[in-house]
Amino acid sequence: MQQHERRIVRIENIVKDFRPGFGLRVKRVLHGISLDVNDGEIFGFVGPNGSGKTTTLKVLMGLIRATSGEATILGHSVTETAFRREIGFLPENPYFYSHLTGREILGFFAKLSGVTRGRRKARISELLEWVGLDHAADSRLETYSKGMLQRLGIAQALVHDPRVVFLDEPMSGLDPIGRVEIRDLVLRLRSEGKTVFMNTHILHDVEMLCDRVAIIVEGRIRYQGVIEDLVGSGLHEVDIVAANLSPETVLELEDRLAAKLRGVGERVEIRVAEKEVNDTLRCVLAAGGEVVSVTRHRVSLESFFLSTVEGGSEIGE
Amino acid sequence: MKSLARIWTIAMNTLREAVRNKLLYALLFFGVAVILAGVVLSALSYVESERILQDFGFAAIRLFSVAIAIFVGVTLIHREVERRTVYAILSKPLSRAEFLLGKYVGLLVTIWLQMAIMVVFFVAVSLVTGAPLDAGHAAAFALIAAELAVIVAVATFFSAFTTPMLASFFSIGIWALGHMTRDLRDIGASSISESVQSTTALIHRVMPDLESFNFATEAAHGLAFAASDVWLPLLYGVGYVSVLLVAAIGIFERRDLR
């Protein structure tokens, strides 16, 4: 399949300016961002708070209009309405009408999405079970916990069986159990062949779930690509475990190698850049130490993210 | 057809939400109480007690229905944006125009339902006291319903782009001015200044002429009337509501929902 045929979401050079208050001053929130999301992948859109993640998602959902640039989903301009039968959206901290029950709110969204009367009842029951809310289906939403509302939010996004699902901070404010539940739901979406676009700042979830990521900082895309490439693109470090080193030797090594050392006595962990491995091993052996293991340290998404956010320079795909 | 179904879905949900609003019940309760109090007041008068009873009833229905229309209407769109319920709704295959029309229809059905309850009390009180009821009363109620449609449209219009507080001020102001534009125009016409004449005439043209929906005096006094006295204001109401809703949709569609 050609690359362009696999593109489900396309954002090209989107600029968004806001005019705070009544003044003439314009605040640019998105500085010409471009990205693609491919069919069937879980795409993580990562960035610190206020970086422009939610603004981008709102442009895609047609909730705000881009100042310039073009955004399409499944080949349709995001300003159109009819194609939204093919997309589902979970807003950040979703709020639904608290006077309705879980079953009623899904019925409301199903009607709006054009789910036929014959299919509606079965689809709602199926989804309530899918997200684990069948026991609370007939309780009013004011009695729901945050995790239950989040799961209901996912159910409403899926009520019309869309091809593409957009999730805005799906793990936000959830306890560890809630996060695991939502993570499992996202993985199930992929197993059903859906494309998932996920806004998040929780890097652990991105690393576990996403096939590709884009990092946005201050309204600019700093990196876009597959996670494996991303973590492999940073500087490699090596962890050396040494034994039989006296505290004095450890301090001396710290000074000589400018390396990070942890632990004293039987086992000392030393993290050094790849090019400094031979020198370090020589020092350890010369000090009467013993080398227990030498392993390549994988650069985490978190350290890459932090270096990208702090670095300021743009990193391409 | 599908568009109508979506508008109706939003409307019915708005109705369901509105009937759970305690403010609506409080105003409805006072409206009914004032209609019933008319019995006591009319009993104090030796002459035209039936007319006093019905004047009182008409005033109660109009005043409390308008109060509900404004106080519920001004939060209609603003609350959806503020609470972010609108995000999930507008991500569905539903246009902003359909959403706004659905909200309008839902509130209007709510207001008409509560008005119907007050009308039931009005009719019951009239029957009990032996006050006359005829076609004039039906025409008066139809015109009150039309005035409410205009007021709900005014509140919806302001709710589409401003805060409930400002929308309340504007809506109440337009309601008050709407009942004075005729007098204003007539006073202006007798002025020697041409600019005063043209200004008051312009205000009368632009602002809703809500006195054209006031048929209470004719109904309470059993005065004869022509069919055009009813359908012309109804037509005017439909036109005014259409202009307001088109303007509200135009503004709401261009708005960034941040």
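Biologist: How many residue pairs are in polar contact between chain B and chain A?

Modeller: The count is 12 residue pairs, both residues at pLDDT 80 or more. A polar contact is a pair of N or O atoms within 3.5 Å; within protein, one must be able to donate a hydrogen and the other to accept it, and residues adjacent in sequence count only if both atoms are side-chain atoms. This is a predicted model, in which local features need pLDDT of at least 70, side-chain atom pairs count only at pLDDT 80 or more, and totals for chains, interfaces and linings use all residues. Side-chain values use heavy atoms, without hydrogens and water, residues are numbered from 1 along each chain as its sequence is written, and chains are lettered from A and ligands numbered from 1 in the order in which they are written.

Biologist: Why is the pair Glu104(A) and Arg16(B) called a salt bridge?

Modeller: The term requires a side-chain nitrogen of Lys or Arg within 4 Å of a carboxyl oxygen of Asp or Glu. The closest N and O atoms of Glu104(A) and Arg16(B) are 3.5 Å apart, so the pair qualifies. The count between the two chains is 2 salt bridges.

Biologist: What makes up the area buried between chain B and chain A?

Modeller: Buried area is the accessible area (1.4 Å probe) that two parts lose on being put together, summed over both. Here the value is about 2900 Å², and carbon and sulfur atoms give 56% of that area. Lys92(B), Pro93(B) and Arg258(B) supply 22% of the area that chain B buries against chain A, more than any other three residues.
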